[in-house]
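Dear colleague,

Please look through the sequence and the 3D view before going on to the notes below.

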Amino acid sequence: MIEISGLHKYFGTLHVLRGIDLTVQKGEVLSVIGASGSGKSTLLYCINGLEPIQKGRVVVDGTDVHAKQTDLNTLRQRMGMVFQQWNSFPHLTALENVALAPRIVKKKSQSEAREIAKRQLEHVGLGDKLKAYPSALSGGQQQRLAIARALAMDPQYMLFDEATSALDPELVGEVLDTMRILAEEGMTMICVTHEMGFARDVSDRVAYFHDGLLEEIGPPEQIFGAAESEQTRKFLAKVR
Amino acid sequence: MFDYNFHWRPVIRSLPELLEASLVTLQVATLSMVIGIVVGLGLSVIRLRLRGPLYWLATAWVELARNTPALFQLFFFGFGLGAFGWHLTPYMIVLVGLSFNNAGYLSENFRGGFQAVPDTQMRAARSLGMNLWQTYTRILVPQVLRIVYYPMTNQLVWAVLMSSLGMLVGFRELSGETQFFASRTYRIFEYFAVTAVIYYVMVKFILLASRLLATRLFRY
């Protein structure tokens with residue numbers, strides 16, 4: 001379970017998150033929507049401790065992410081993250097990209113790590129690209145590689161930071177399909193996304209962020225059908 | 001000048017010694033590069049990530065190494081330290097001096113290299129639970145070394161040529177050896193002409209080898 005309470009985040013004087021309270025249950029798929037600059041991506045970075053916070057608490061399975069004594073490197077193994085810019089490691093093959101962290105972070109043996117990597121790459125449909133370097137893969141394939149890399153750590157949670165917004169339109173589908181499969185398998189997911197179709201069809205709840213605040217949260221039918229907030233309705237009218 | 005008689009025979013006779021000395025040159029240059037790369041990486045990371053005394057120390061190092069004559073740097077490690085009663089062997093003077101110089105120049109290359117790797121690589125690595133050391137050694141440095149590979153090759157060539165300054169602190173590398181024979185036989189022009197050819201061949205060999213190595217190392 002991820003529990004966020006009273007979260008404030010500043011970049012210098014810029015107040016990006018202005019008091020967020022949000023709980024994500026095990027097995028839940030939460031989509032986070034909102035305009036650029038509303039703080040959605042920053043929220044993800046605060047959840048896995050890539051960004052420090054100024055006020056409030058983020059608690060993952062009972063561990064306070066931002067407490068001094070928390071070992072972030074251990075905690076992060078529980079949370080896979082997929083980025084907008086897919087960030088595959090260009091100097092490693094697909095197999096090495098995925099096998100590296102299990103081997104050096106989880107201390108698996110070389111052969112075990114490769115076995116895991118192979119399985120995860122097959123899972124995302126890259127079973128025939130094990131030896132390919134990222135430069136030889138399309139954007140969609142690189143993003144699926146990034147998903148496999150995160151999954152190889154056997155995480156409890158997956159954080160998706162606009163995983164499809166840097167992709168060519170014809171490649172978006174394959175990545176969304178992969179995310180859909182994950183959701184069906186019961187993975188707990190927080191997806192910052194601009195894909196309204198995905199948010200509506202796949203998520204259990206949808207959160208609309210506006211100006212650093214959680215404006216409205218509820219099941220997709222509520223947000224897309226009968227939003228309570230005027231702001232939410234205005235935003236959705238614009239993106240549809 | 002048309003009446004000068006070339007005498008190549010003494011040079012030919014001491015060719016084995018010259019070739020042996022060129023191995024010493026290669027060795028000290030290569031070793032100083034290895035040290036320079038390791039220390040240079042350290043300096044560049046310090047300058048990119050830290051503030052305070054370590055930052056100033058690293059900056060002073062880079063400033064001195066890059067902006068003073070290499071010869072003065074060798075003199076410092078030779079006669080400078082000697083004045084304080086710390087006597088290095090000629091070999092050590094050249095090794096330490098070249099390493100000092102290499103580290104300074106290379107650290108600036110590395111700094112540019114680190115800045116050319118997107119920040120997101122660091123984030124991706126950290127998000128997988130890698131610690132800072134793993135992130136640097138497994139993700140960032142391999143990419144940096146590729147980016148600065150050719151400038152690094154230049155520095156190695158420079159180190160080979162610069163090691164000739166060793167002759168001025170009494171080190172019998174290729175130039176020192178040449179000087180030794182030249183002054184004994186007075187065939188100064190002949191000796192240094194042949195030595196120049198040896199340097200040329202050595203450098204060409206290094207460039208060729210590094211190009212071959214690159215195609216093996218960088219398959220992406």
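Predicted model: local features only at pLDDT ≥ 70, side-chain atom pairs only at ≥ 80, totals over all residues.

Salt bridges

A search over all chains of the whole structure gives 14 salt bridges. One of them joins the side chains of E51(A) and K9(A), with 3.2 Å from N to O. This pair ties together distant parts of the chain, since K9(A) belongs to strand β1 (residues 2–11) of chain A while E51(A) lies in the loop between α1 (40–47) and β4 (55–60) of chain A, and the two are 42 residues apart. Both E51(A) and K9(A) are buried. The two are also part of a network of salt bridges that links K9(A), E51(A) and R123(B).

Two other salt bridges sit within helices. In chain A, R233(A) is bridged to E230(A), and their closest N and O atoms are 3.2 Å apart. Because they are three residues apart in helix α9 (residues 230–239) of chain A, about one helical turn separates R233(A) from E230(A). An α-helix has 3.6 residues a turn, so residues three or four places apart point the same way. Are these two residues buried, exposed or partly exposed? R233(A) counts as partly exposed because its relative accessibility is 42%, and E230(A) counts as partly exposed because its relative accessibility is 48%.

In chain B, a salt bridge connects R111(B) with E108(B), whose closest N and O atoms are 3.1 Å apart. R111(B) and E108(B) are three residues apart in helix α5 (residues 90–116) of chain B, and therefore about one helical turn lies between them. R111(B), with a relative accessibility of 25%, counts as partly exposed.

The sheet in chain A

Chain A has an open sheet of six strands, which run in the order β6-β7-β8-β3-β9-β10 with mixed pairing. The edges are taken by β6 (79–82) and β10 (213–218) of chain A, and because each has a single partner strand, one side of each is left without a neighbour in the sheet. On average, neighbouring strands of this sheet are turned by 15° against each other, if direction is ignored.

Helix α4 in chain A

Helix α4 (residues 110–123) of chain A has 14 residues and reaches 20 Å from its first C-alpha to its last, which is close to the 20 Å expected at 1.5 Å a residue. Which residues of α4(A) are buried? They are A113(A), I116(A), A117(A), Q120(A) and L121(A). Seen down the axis of α4(A), these buried residues fall within an arc of 130°, and so they line one face of the helix. They pack against α3 (94–104) and α5 (139–151) of chain A, whereas the face turned away from the buried side of α4(A) carries the exposed residues S111(A) and R119(A). Just after α4(A), G125(A) takes a positive phi of about 80°.

Terms used:
Residues numbered from 1 in each chain as written. Chains lettered and ligands numbered in written order. Heavy atoms only, no water. Salt bridge = Lys/Arg side-chain N within 4 Å of Asp/Glu carboxyl O. Helix = DSSP H or I, 4+ residues; strand = E, 2+ residues; numbered from the N terminus. Buried < 20%, exposed > 50% of the residue type's maximum accessible area, 1.4 Å probe, protein only. Pairing = 2+ DSSP bridges. Axes fitted to C-alpha atoms, helices over the stretch in contact; angles between N-to-C directions. Expected span 1.5 Å × (residues − 1). Arc of directions from axis to C-beta. Contact = heavy atoms within 4.5 Å.
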